[in-house]
Each structure stands twice: as structure tokens, then as C-alpha cells.
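Below is a short report on one protein model. Keep the sequence and the 3D view open while reading.

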Amino acid sequence: MESNGYIHVYTGNGKGKTTAAFGLAVRALCAGKSVYIGQFVKSMKYNETKIERLFNGSDPAFGPIRIEQLGRGCFIGKDPEPADRKAAGKGWARCADLLRSGEYDVVILDELTIALHFGLLSTAVVLDVLRNRHPAVEVVITGRYAPQALLETADLVTEMRDVKHYYAQGIQSRDGIDR
């Protein structure tokens, strides 16, 4: 019997949303599941994306993974441009197809809530696709500013909040440790 996949949302102003999603990806890969990660705001490969090389399909005990950057970069200190809207739309079309097809067991939509918050994508359209996805697909959505309608649709919601962080004291992260 095929089980239903759940919708997870990792949101809030604290750190760890993407890291939690990548942790779930590693867990799924080690269980032989296939994973797709679409990053909506990030436009470059970060250290965590190196897991794509580690789980490259050479060992049949592990599932395959595909990571794609679907955005043009961060919006901190600037407004999105028309090209950002176009990139988000194209990225969402790809993800919607994957969600409907069931090609991947786990689909992670990293920073999707940022694309929603800035109006690059329609919350109603996203929710429609989520409700009509292949029933076995597990979906993980990350990012700040998750809309209430998405929180209500999700099966699991985790809110990350800042309690204490060295960034507040002007201390930068150490390369390879924390970004």
C-alpha cells in the first residue's frame, strides 16, 4: 500500500530552516528515497549542496538527489526585478511538474515562502499544486514569512526563532561551519 506524503513547513526568523530540510534529505537518501531540492532564492551552490556529489547514484543503497537553483539571488536590501518573477515562475513550473509526477519521493522547496512573500508566485496557485500533487510525495517548504494559508494546509509546521546568535554581536561565521 502506498502511503501519503506529508507537507512540512520550516519557517520563522531563526536560523536552521534549510539545514533542517537538508537533514531530512540525508535521512531520506539513506533510506533509499529519491530527493529533489529546488532553491527559489539562492543562485549559487553553498556548502550543503555538496551532498549532491556524495549521493551521486554510484551506491544503490542510497537514493538519488538533484539540486537546482531556481532564483537569481537574495532580495536583502533590494526589490525583486521582473527577471526574478520570471525565474520564479519558470522554477515553479518545473517543481509543479515534479510534484504531480511522483518522480521524487521527497521534494524540498527551499525559500519558497520568500518567493511567495515578495509576490513572485501566487499562494493560491502553489496551494492548488500542493493539494493535487502525487499522493506519495513528501514536500518540505522552507523560508521566513510563510503565509497563513500555507501553514493551515501543512501537516507539520516548525517555527525557528532566534533566541541567541553570535551574528547579533557582529561575529561572522566560520567557513564550512555555519552560514
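This is a predicted model: local features need pLDDT of at least 70, side-chain atom pairs count only at pLDDT 80 or more; totals for chains, interfaces and linings use all residues.

Six strands make an open sheet, in the order E3-E2-E4-E5-E1-E6, and the pairing is parallel. E3 and E6 (156–159) are the edge strands, each pairing on one side only. From one strand to the next, the twist averages 10°.

Strands of a sheet pair through backbone hydrogen bonds, either parallel or antiparallel. Several pairings can be traced residue by residue here. E2 and E3 run parallel and are joined by five bridges. Ile37 has Ile67 in E3 as its bridge partner. E2 also pairs with E4, in the parallel sense, over five bridges. There, Gln39 stands opposite Asp110 of E4. On to E5: four bridges join E4 to E5, again parallel. Val106 stands opposite Glu138 in E5.

## Strand E4

How enclosed is E4? Five of its five residues are buried, so the strand is largely enclosed by the rest of the structure. In a regular strand the side chains alternate between the two faces of the sheet. In E4, both faces are covered. Val106, Ile108 and Asp110 lie on one side, Val107 and Leu109 on the other, and all are buried.

## Helix H1

H1 covers residues 17–30. Its 14 residues should span 20 Å at 1.5 Å a residue, and the end C-alpha atoms are 20 Å apart, which agrees. The buried residues of this helix are Lys17, Thr18, Ala21, Phe22, Leu24, Ala25, Ala28 and Leu29. They cover an arc of only 155° around the axis, which puts them on the same side of H1. An α-helix has 3.6 residues a turn, so residues three or four places apart point the same way. The face turned away from the buried side carries the exposed residues Thr19 and Arg27.

## Helix H3

H3 (residues 82–101) lies across E2, E3, E4 and E5. The helix runs at about 160° to E4. H3 has 20 residues and reaches 29 Å from its first C-alpha to its last. That is close to the 28 Å expected at 1.5 Å a residue.

The buried residues in H3 are Asp84, Ala87, Ala88, Gly91, Trp92, Cys95, Ala96, Leu98 and Leu99. Their cover includes strands E2, E4 and E5, together with helices H4 and H5 (123–131). Gly102 follows H3, and its phi is positive, near 75°.

Glu68 sits in strand E3 (residues 65–69). E3 is one of the edge strands. Is Glu68 buried or exposed? Its relative accessible area is 14%. The cut-off for buried is under 20%, so Glu68 counts as buried.

Which residues does Glu68 touch, leaving aside those up to four places away in sequence? The contacts are Tyr36, Ile37, Gly38, Gln39 and Arg94. With Tyr36 there is also a polar contact: 2.5 Å joins the two side chains.

## Two loop residues with positive phi

Glu111 lies in the loop between E4 and helix H4 (112–117). Its phi is positive, about 65°, although Glu111 is not a glycine. At 16% relative accessibility, Glu111 counts as buried.

Tyr145 is found in the loop between E5 and helix H6 (148–153). Here too phi is positive, near 60°, in a residue other than glycine. Is Tyr145 buried or partly exposed? Tyr145 has 44% relative accessibility, so it counts as partly exposed.

Definitions and conventions:
Residues are numbered from 1 along each chain as its sequence is written. Side-chain values use heavy atoms; hydrogens and water are left out. Buried means under 20% relative accessible area, exposed over 50%, partly exposed in between (1.4 Å probe, protein chains only). A polar contact is a pair of N or O atoms within 3.5 Å; within protein, one must be able to donate a hydrogen and the other to accept it, and residues adjacent in sequence count only if both atoms are side-chain atoms. Contact means heavy atoms within 4.5 Å. The expected span of a helix is 1.5 Å times one less than its number of residues. The arc is that of the directions from the helix axis to the C-beta atoms. Two strands pair if DSSP finds at least two bridges between them. Axes are lines fitted to C-alpha atoms, for helices over the stretch in contact, and angles run from 0 to 180 degrees between N-to-C directions.
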